Amino acid sequence: MTAPLLTTDGVSATYGDFQALFDITLQVHPGEIVTLIGANGAGKTTTLRVISGLVRPKSGTVCFLGEDISKIPPDEIVERGVSHVPEARQLFPYMSVEENLALGAYIGRARPKLKETMDEQFDFFPRLKERRKQLAGTLSGGEQQMVAIARALMAQPKLLLLDEPSLGLAPKVVEEVFEKIRQVGNSGVTVLLVEQNVVDGLSISDRGYVVENGVITLQGKAKELLANEHVRAAYLGL
Amino acid sequence: MERFFSALQAILNGVLTGSLYALIGMGMALIFGVMRIVNFAHGAFMMVGMYVTYLLFQGAGLNPYFGFIGSAMFLFLLGYLFYRGLLKPIRGRSDFMQILLTLGFGLILTDGIQLLFGADYHQINLPLLGKNLRLGSQISLNAPWLISFGIALMLGALLYFFVMHTMLGRAARAIAQNRYAAPLMGINVDRVQALSFGIGVAAAGVAGGLLLPVFYLYPTVGDQFTLKAFVMVVLGGMGSIQGAAMAGLVLGVVENLTSLYWGNEWALAVDFVIFLSVLSLRPSGIFGSQRV
Ligand SMILES: Nc1ncnc2c1ncn2[C@@H]1O[C@H](COP(=O)(O)OP(=O)(O)OP(=O)(O)O)[C@@H](O)[C@H]1O
Ligand SMILES: [Mg+2]
């Protein structure tokens, strides 16, 4: 197998006295879509925040392209090729769709190509093109999620972190979002996805991890996880 | 007719004064928007700008209408270093700490200037000072005020353009609108905040330089401007720089009308009344939306 694009090795993380992650070890290989599943409060978001540098690990390392990035500030991690679409989209509400996308290309590497990448994103998300002048805060939930993804892709990342992109969206829109994520994966961007929508998440993924109370309890091929007794009982209610 | 012209004169004077207020207020609004702190040293920074312009005039014979550029550069540096050295280390602590720090730094600036240059009033003498532009027989506009107005207008527009249309300005607004998401765009939040602080304070420094020809200079001259700038930020919608600019113009006009009808001593009191009414009746401001 190829060398992993991302490795977290024995990562633990705390908020004050509260320990949210224990010894998280996971790998994401180039070209993969990997999904992290788990209940509310399991530590999925915290895992992504450690990778993108928003939370510093208490111990352990995060390696991206073979280099330890666990002590590097978040803005440099973006520069190196990791873009994070946070939970609840986190757009800039009083800016237009266009300006949100432009900010996605803030880093030095992406800025000179801003025009082309924005056109690419508008081709990829035609709905956003129609709404390019609209303030992001006034978009529908689905449109906002598209903006959040497009904004992250503006940085031309090698690894895309997606935190519950389907949260709060109507089933039809969820389908649309997952289809887009699949296409992003096909275009060569590696994806680490966090989802509570276990079936849809795993069905577009190559592999998955199950996080429970800050610990990885299960991992494997997406198909195997979908067939797993424990996963079926705990997350699919079967 | 007489009454009409005196009112018109007061309004025009108000617009001239207000343009400089606007510059001060825009600087404060930028800082407030990007950092969510009220810069209680804002007026003191402006005062330092006046002294820099004054020293350039006395020492090197540099006309204040060029000297304000030196003041802007000096204040940008001072603001940048203040943020890096003092404000940044306590970011994330309580708002109260940050208020104390800006308040305390303002006092240090004021007392430092007093120590260096004494508490005396200074005024500079430009041949331009007595000149007026007469419009008809009733209205006349003071030449130095007019020039200051023109420069303030230009720089205000420049600052607006910078904030709305450059990548750095966009990053500043991004931080104001969503502090959490900004670093995920690759924005170095500390760097942008330090630059914004420097730019906001430089705007006050420019206003100080432009006020020098028409104002007495003394160490505490900035105090009233901190209050005014705060009023503009609140009136303008808590961090909207165009809102603060509008509020500055309105404040200038209202003050001049107040002086005309009720006397000079009421001008500051009226500022306060406006401030308290807006804060209690319409806390989101009158001229702007909540954010930059
Ligand atoms: N800023 C914070 N301060 C203190 N505790 C936090 C903070 N953020 C998260 N936690 C705690 O850390 C644990 C893991 O949170 P995290 O957000 O990573 O979970 P999650 O798996 O993403 O959950 P969800 O599915 O609800 O988003 C939770 O118990 C949560 O209460
Ligand atoms: Mg979460």
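## Chain B and its two interfaces

Let's start between the chains: chain B and chain A share two salt bridges, a salt bridge being a side-chain nitrogen of Lys or Arg within 4 Å of a carboxyl oxygen of Asp or Glu. In one of these, the side chains of R170(B) and E99(A) come together at 3.0 Å, N to O.

Keep in mind that this is a predicted model, where local features need pLDDT of at least 70, side-chain atom pairs count only at pLDDT 80 or more, and totals for chains, interfaces and linings use all residues. Residues are numbered from 1 along each chain as its sequence is written, chains are lettered from A and ligands numbered from 1 in the order in which they are written, and side-chain values use heavy atoms, with hydrogens and water left out. As for confidence, the model has an ipTM of 0.94 and a pTM of 0.92. Chain B averages a pLDDT of 92, and 98% of its residues score at least 70; pLDDT is the predictor's confidence in each residue, from 0 to 100.

Back to the chain B and chain A interface. Chain B puts 21 residues into the contact and chain A puts in 24, with contact meaning heavy atoms within 4.5 Å. About 2,000 Å² is buried between the two chains, and carbon and sulfur atoms give 67% of that. Buried area here is the accessible area (1.4 Å probe) that two parts lose on being put together, summed over both. On the chain B side, M167(B), L184(B) and M185(B) lose the most area to chain A, together 35% of what that side buries.

There are also six residue pairs in polar contact across this interface, both residues at pLDDT 80 or more. A polar contact is a pair of N or O atoms within 3.5 Å; within protein, one must be able to donate a hydrogen and the other to accept it, and residues adjacent in sequence count only if both atoms are side-chain atoms. On the side of chain B that touches chain A, α6 and α7 (189-211) of chain B each supply at least two residues, and α6(B) has the largest share with seven. Helices (H or I, at least four residues) and strands (E, at least two) are DSSP runs, numbered from the N terminus.

An automatic or database domain assignment sets the bounds, giving domain 1 (42-119 + 140-217) and domain 2 (222-292). The contact between them draws 14 residues from domain 1 of chain B and ten from domain 2 of chain B. Taken over C-alpha atoms, the centres of the two domains of chain B are 19 Å apart.

Together the two domains of chain B bury about 940 Å², 73% of it on carbon and sulfur atoms. G43(B), Y160(B) and A176(B) supply 33% of the area that domain 1 of chain B buries against domain 2 of chain B, more than any other three residues. On the domain 1 side, α2 (42-60), α5 (143-165) and α6 (167-177) of chain B each give two or more residues, with α2(B) giving the most, at five.

One last stop is H122(B), in the loop between α4 (95-117) and β1 (132-135) of chain B. The side chain of H122(B) makes a polar contact with that of Y54(B) at 3.1 Å. Leaving out residues up to four places away in sequence, H122(B) touches Y54(B), F117(B), F215(B), Y216(B) and L217(B).
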